[in-house]
Amino acid sequence: MSNRLSPLLTVMVAAAEKAGRALRRDFGEVENLQVLKKGPADFVTKADTKAEKIIVEELQKVRPAYGFILEEGGVLEGSDISNKWIIDPLDGTTNFLHGIPHFAVSIALERDKRIEAAVVYNPITDDLYYAERGNGAFLRDSRLRVSGRSNIDESLFATGIPFLGRPGHETLIAELTGVMAVSSGIRRLGAAALDLAFVAAGRYDGYWERNISSWDMAAGILLVREAGGIVTDFQGRDKMLETGGIIATNASLDREFRLLLKKSAKNA
C-alpha cells in the first residue's frame with residue numbers, strides 16, 4: 001500500500017491510524033468512560049475529543065496553513081483559504097458507547113469547494129478506506145468498485161435513523177416502507193462514513209440519509225465516486241454538504257432509486 005499513497009494521503013492515513021489507536025484503547029475501557037451529554041441521544045466522550053485533538057495536531061504539523069471543520073471543535077480558519085480538513089474523529093459514537101465495534105475515523109480534504117482526498121478508518125477491524133480524486137478508491141491494497149446490480153429487487157440499501165428530537169422520522173418511515181416493498185433489504189448500522197465506504201466496496205447497492213453533517217459524509221462521498229458510483233442530494237445536485245441530504249448508489253440504480261425515494265417521501 002505504501003507505494004501507492006501520495007504524500008497527502010500518507011499524512012491523512014497516519015493521523016487516522018494514530019487517532020484510531022487511541023480509540024481502540026478507549027473502546028476496551030468503554031464502561032469506564034466519562035460521558036458528557038450533548039443533547040437527546042447524542043453523546044460526546046473523552047475518547048471523541050481526544051481523537052480529534054490527535055488528528056488536528058498531526059495534520060497541523062505538515063499542513064499548518066489549512067483550516068478545519070470539526071464535529072467537536074467547530075470551524076478553525078486557516079491562512080490558506082482554499083484548503084479545509086473536514087473531520088469526524090468518531091463517527092458512530094453511540095455504537096462506541098454501547099460496545100458495538102462499528103465506528104470510524106473520517107478525514108476529508110476539501111480544496112476549492114471540491115473533495116480532494118478521503119480516509120475512513122475502522123480501528124477495530126483495521127479496515128482502511130482511502131481515495132484521492134482521479135486515482136480511484138481502495139481498501140488497503142484492494143481497488144474498490146461499486147456494485148454492478150441494476151435491479152432494485154436484488155439490491156441491499158442502507159440508511160440512518162434520526163436521533164431522538166431530530167426532525168424527519170415521518171419521512172424516513174415512508175421511505176423505509178417504499179424501499180422495503182421492492183428491495184432485497186435495508187440495513188441501519190449507525191455510522192454514515194462506513195455506510196458510504198460499504199457502497200464504495202459494493203457491499204451495499206445504495207445509501208440514503210437526510211439531515212446529516214458535512215463531517216459525516218465528506219470522505220465517503222469521494223470514496224463512492226472514485227469507486228465508480230453516483231452521489232447526489234435529494235434533488236439530484238452536487239450539494240450534499242450544503243443540504244445535508246445524500247443518495248449514493250451505482251449508475252444503473254441511481255435514477256430509479258432517487259425516484260423511488262421521492263415517491264415514497266410524498267406519502268409521509
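Val 119 finds its bridge partner in β8, at Tyr 130. This comes from a predicted model, in which local features need pLDDT of at least 70, side-chain atom pairs count only at pLDDT 80 or more, and totals for chains, interfaces and linings use all residues. Residues are numbered from 1 along each chain as its sequence is written, and side-chain values use heavy atoms, with hydrogens and water left out. Helices (H or I, at least four residues) and strands (E, at least two) are DSSP runs, numbered from the N terminus.

Strand β7 (residues 114-122) and β8 run antiparallel, joined by six bridges; two strands pair if DSSP finds at least two bridges between them. Four residues sit between these strands in the hairpin, and Asp 126 takes a positive phi there, near 65°. As for burial, five of the six residues of β8 (residues 127-132) are buried, so the strand is largely enclosed by the rest of the structure. Buried means under 20% relative accessible area, exposed over 50% and partly exposed in between (1.4 Å probe, protein chains only).

Further along, five strands make up an open sheet of mixed pairing, in the order β12-β11-β13-β15-β14. The edges go to β12 (185-187) and β14 (230-232), each with a single partner strand, so one side of each has no neighbour in the sheet. From one strand to the next, the twist averages 15°. Strands β11 (residues 156-159) and β13 (residues 206-209) run parallel and share three bridges, with Thr 159 opposite Trp 208 in β13. Helix α4 (residues 169-182) packs on this sheet, touching β11, β12 and β13, and its direction makes about 160° with that of β13. Contact means heavy atoms within 4.5 Å; axes are lines fitted to C-alpha atoms, for helices over the stretch in contact, and angles run from 0 to 180 degrees between N-to-C directions. Helix α8 (residues 254-265) lies across β11, β13, β14 and β15 (246-249), at about 145° to β15.

Back to backbone angles: most residues other than glycine have a negative phi. Asp 112, not a glycine, has a positive phi of about 50°; Asp 112 lies in the loop between β6 (104-111) and β7 and counts as exposed at 54% relative accessibility. Asn 211 also has a positive phi, about 55°, in the loop between β13 and α6 (214-226). At 46% relative accessibility, Asn 211 counts as partly exposed.
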